[in-house]
Amino acid sequence: MPGPERALFVYVPERRTPFAEPVRRHQLDLMHSALRPVGWHTREAAFDPDRIVDVLNRERPDIVFDLAYGWTDGDGLTLLQPEIAAILGDHAALVGSGPEVQQLCQDKRATAAAASELGVPVPAELDPIRLRTEPVVVKPRYGAAHRDVRVVEVGAELAAGPDEIVQEYVDGPEFTIAVLERGAGPEPLPAARVRFGREAVRPRLYD
């Protein structure tokens with residue numbers, strides 16, 4: 001059975017992303033260059049909540065790559081990743097997690113609870129005012145990736161906000177694993193180790 005022929009890359013322009021995490025031009029070019037040689041017709045569209053449905057109806061893509069990490073109008077209106085995924089998923093087949101999964105994964109307390117119920121070990125959540133004899137990790141409860149996650153060393157002031165959680169620090173290498181949803185069930189991709197270099201702000205991935 002032939003695969004999809006029309007792919008649409010939906011991204012957020014730099015001036016509209018609330019997390020200073022836009023998709024760069026070279027990333028879009030790489031995606032075009034990967035799909036076009038194998039027969040895909042690829043287009044791209046900047047996400048705008050007032051226009052995206054019209055774009056989807058006009059382009060009629062077989063599949064949409066959801067590259068929108070959040071959108072803001074600059075005046076206080078913000079849409080987060082799960083909300084954008086819900087809009088796109090109502091009108092097209094998505095590459096990426098659906099809104100329910102994104103909502104779960106972007107609530108770090110709910111993520112830890114769900115993983116624990118499945119027998120996956122998770123860092124313990126700590127009382128921020130207890131006496132500390134080891135480093136701790138402070139992170140926003142809501143959000144994706146490593147945004148605003150920090151390690152607080154012993155003796156350093158611990159200032160955790162009302163929407164932040166404090167967890168035990170687990171030393172060791174960090175890995176990320178992507179999962180594809182297939183007809184027979186989830187299929188994990190090979191683990192990639194995250195290495196944080198001093199010269200680079202963002203992590204670099206290694207096999």
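**Terms and values**

Mentor: F47 is buried, and so is W71. This is a predicted model, where local features need pLDDT of at least 70 and side-chain atom pairs pLDDT 80 or more, while totals for chains, interfaces and linings use all residues. Residues are numbered from 1 along each chain as its sequence is written, and side-chain values use heavy atoms, with hydrogens and water left out.

Trainee: What makes a residue buried?

Mentor: A relative accessible area under 20%; over 50% is exposed and in between is partly exposed, with a 1.4 Å probe and protein chains only. F9 and F65 are both buried as well.

Trainee: Why is the pair of F47 and W71 called edge-to-face?

Mentor: Rings of Phe, Tyr and Trp (its six-membered ring) pair if their centres lie within 6.5 Å; planes under 30 degrees apart are stacked, over 60 edge-to-face, and the rest tilted. For F47 and W71 the values are 6.4 Å centre to centre and 75° between the planes, so the pair is edge-to-face. By this rule there are 2 aromatic pairs. In the pair of F9 and F65, the centres are 5.4 Å apart and the planes at 85°, so that pair is edge-to-face.

Trainee: Which parts of the chain does the pair of F9 and F65 link?

Mentor: F9 is in strand β1 (residues 6–11) and F65 in strand β3, 56 residues apart. Strands (E, at least two residues) and helices (H or I, at least four) are DSSP runs, numbered from the N terminus.

Trainee: How do you know which strands are at the edge of the sheet?

Mentor: Two strands pair if DSSP finds at least two bridges between them. The open sheet has 4 strands in the order β2-β1-β3-β6, with parallel pairing. β2 (41–46) and β6 (94–95) each pair on one side only, which makes them the edge strands. Strand β3 (residues 63–67) pairs with β6 over 2 bridges, and V64 stands opposite L94 in β6.

Trainee: Why do the buried residues of α3 count as lining one face?

Mentor: In helix α3 (residues 81–89), the buried residues are Q81, P82, I84, A85 and L88. Seen down the axis, they fall within an arc of 160°, so they line one face of the helix. The arc is that of the directions from the helix axis to the C-beta atoms.
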